[in-house]
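Have your viewer open as you read.

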Amino acid sequence: MPDRILIVEDDRSIADSVSYTLRQEGFEVKVAYDGAAGLDAFRAFRPDLVILDLMLPVLHGFDVFRAIRRQADTPVVMLTAKAEESDRVAGIELGADDYVVKPFSMRELIARVRMVLRRARAAAEAADDLLDLGELVIDRTRHLVKVRGEEVSLAPKEFALLEYMARNRGRVLTRAMILENVWGGGQFIDEHTVDVHIRWLRQKIERRPSKPELILTVRGVGYKLNA
């Protein structure tokens, strides 16, 4: 599925030229020619990246950027004719991911777009590898679990079970669901295996395993993580 790029630029010749080039590079593109239309397009199009001009009619680019940031962490490349350092600094301080000054080459813009998208994906993957649930932190990359700030050693299957429950925290998980997602639903593994591993987990992460606060039993159904 191609990355989706929203261009918010009031100069139609620039907007159309950038749009054409991005489409030729395999991106899906939407164009808006003023700030208000840009915000509407952002909500409807849900782009992976926004190319945003600053000097826009109806709504200034900085205001558009702030509104975008209130809704999502979508990466934004600011595109403007203003070369003054104060504008570049203001854009970066607001949280823009990159800043391109007109006139620019299409090759440079495409390179910057690809770089920002790669950086955003890397950040998302890193965040996905770290589950911070307050008193429970799971780091997939380091295969590390901390409970109330203290590192806890878990066997591989215990770690996989806790991670699955953490990604579905607050949701009641049946034993069959746990078996399917943690053990792969092997025919020689019964539901008692889940109960045994839950008991082992509670011994390691609960303050009082006999009165669990994190891994709760939902009688007659299964378990849920209360974190």
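Which residues of the largest nonpolar core touch the most other members?

## The ground rules

This is a predicted model, where local features need pLDDT of at least 70, side-chain atom pairs count only at pLDDT 80 or more, and totals for chains, interfaces and linings use all residues. Numbering runs from 1 along each chain as its sequence is written, and side-chain values use heavy atoms, with hydrogens and water left out.

The residues in question are Leu-162, Ile-178 and Leu-225, in a core of 27 residues. A nonpolar core here is a set of buried Ala, Val, Leu, Ile, Met, Phe, Trp, Tyr and Cys residues joined through side-chain atoms within 4.5 Å; buried is under 20% relative accessible area with a 1.4 Å probe, protein chains only. Helix α6 supplies the largest share of this core, six residues.

Skipping neighbours within four places in sequence, Ile-178 is in contact (heavy atoms within 4.5 Å) with Leu-161, Tyr-164, Leu-173, Trp-183, Val-194 and Tyr-223. Another core, of 20 residues, lies apart from that one and includes Val-8, Leu-39, Phe-42 and Tyr-99.

## Helix α2

Helices are DSSP runs of H or I, at least four residues, and strands are runs of E, at least two, numbered from the N terminus. In α2 (residues 35–45), Gly-35, Gly-38, Leu-39, Ala-41, Phe-42 and Phe-45 are buried. Down the axis of α2, they fall within an arc of 165 degrees (directions from the helix axis to the C-beta atoms), so they line one face of the helix. They pack against β1 (4–8), β2 (28–32), β3 (49–53) and α3 (61–71).

How values were computed. Buried < 20%, exposed > 50% of the residue type's maximum accessible area, 1.4 Å probe, protein only.
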